[in-house]
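Reader: I would like to learn how to read a structure one feature at a time. Could we go through one together?

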Amino acid sequence: MSDELVQSLLAAVDAAPDDVPLRLHLAALLASRGDFPDAIRHAASVLQTDPANADALVLIATSSNRHSGAANESLLPEQESTTNSETDLLAQMAVDLEGVLPPTFIDGDDQLHEIVEVEPAHIRFTDVGGMKEVKERLEAAFLAPLRNPELVKLYGKSLRGGLLLYGPPGCGKTFIARAVAGEMGARFIAVSLAEILDSFVGANERNIHEIFEVARRSAPCVLFLDEVDALGQKRSNLRCSILRGTTTQLLAEMDGVDNANDGVYVLGATNHPWDIDVALRRPGRFDRTLLVLPPDADARKVILRYHLQERPVANIDLGKLAKDTEGYSGADLAYICETAAERALLDSARSGTVRLIEMNDLQAAVRDVRPSTGLWFDIARNVTQFSNSDGTYDDLLAYLRTKGLA
Ligand code: ATP
């Protein structure tokens, strides 16, 4: 790693002091080359802008340990706690953070820069807790055909058409879509349709087209369209004619012409499938749905382990935590880990001695963080009761019954 690189990053940070990804990138580089005090200084500066930033917290904890020479004994069963693994972690972080630097290949529209992020996908199915059925369906829909192009030809199967992930918020729809890209070795582009519509009234068609063009240029890639319901919902209000054009544009882009979409795999997601425009549900479009539910106890264990694996922890009973977090979403669990890390960090800052994250921190966080899926299930129960005559939500109904909610 050259000094020039650090110098140019320092200059860039001076020019854009509030750019969090940039400053984190610099901090990770400094830490990976052993400059722990400066790494801590820059990570701490990130916390001033974004107090719960998980990457900054990890950097501070890891750099403090390395700096003070304290042994970092992690008691998570799968984790090693050697100096080498910390160095690897910092190096990996430096590489990961490169992926969050602003994309450089969209011409023209500055606002699109903020909304369309093209990322290398590092996570795999093994990083995603639970979701056995969802993984199997995704394997059948995307991965198996991709690995067996001859069979695809033989059976005339098409990889066209989108799959729609639906379920309560924070239960891993984006996460599993990112893992599909990771399994494919493809890039990942996530776009929120609600954001596009809010930001670009009057230019929706052009921007939908531009997003697909970015995806085509980035192929192979998974194009993840979040909040697909935004089109349907908004079409029914005053801006109806504008949004009809936008829906038509989206459908045209999904259909593609002359194999233009080769290597572009579209996954949609919504928390409100009942609001989706019927035109988007026709064959060849978002015609297949996949229910993504809150994690069960085993999955919660995997999720908690995933979110603790790069943090300095001691004596964590994952089984007990999993038992105590029935009904929590994956995002709730991630937030619990962040809250616990913040608690240990503040404690360390106050006492001047770095300490590990302990069971107490996590249990206090479980008490502080409430499960966030309740409201969604209230709505879902009504939908299965009053709007399920065609059986669209039978899988949801079956789940509600197993939980005694319907
Ligand atoms: P929303 O509907 O609000 O967009 P979502 O269903 O797309 O939410 P994600 O954004 O994928 O949810 O999940 C939020 C975070 O929760 C993820 O970044 C990840 O940290 C964690 N998470 C959720 N589910 C899992 C899982 N099965 N395994 C590991 N982490 C998970």
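Author: Let us begin with a pair of facing residues: Leu 164 stands opposite Gly 268 in β5. Please keep in mind that this is a predicted model.

Reader: How many bridges join strand β2 to β5?

Author: Strand β2, residues 162–166, is joined to β5 by 4 bridges, and the two run parallel. Helix α11 (residues 204–217) packs on the sheet, where it touches β1, β3, β4 and β5, and its direction makes about 155 degrees with that of β4.

Reader: In what order do the strands of the sheet lie?

Author: The sheet is open and has 6 strands in the order β1-β3-β4-β5-β2-β6, with mixed pairing. Its edge strands are β1 (117–120) and β6 (286–291), each of which pairs on one side only, and the twist from one strand to the next averages 25 degrees.

Reader: How far apart are Asn 261 and Arg 216, in sequence and in space?

Author: Asn 261 and Arg 216 are separated by 45 residues in sequence, yet their C-alpha atoms are 6.3 Å apart in space. The side chains of Asn 261 and Arg 216 are also joined by a polar contact of 2.7 Å.

Note on methods. Residues are numbered from 1 along each chain as its sequence is written. This is a predicted model: local features need pLDDT of at least 70, side-chain atom pairs count only at pLDDT 80 or more; totals for chains, interfaces and linings use all residues. Side-chain values use heavy atoms; hydrogens and water are left out. A polar contact is a pair of N or O atoms within 3.5 Å; within protein, one must be able to donate a hydrogen and the other to accept it, and residues adjacent in sequence count only if both atoms are side-chain atoms. Two strands pair if DSSP finds at least two bridges between them. Axes are lines fitted to C-alpha atoms, for helices over the stretch in contact, and angles run from 0 to 180 degrees between N-to-C directions. Contact means heavy atoms within 4.5 Å.
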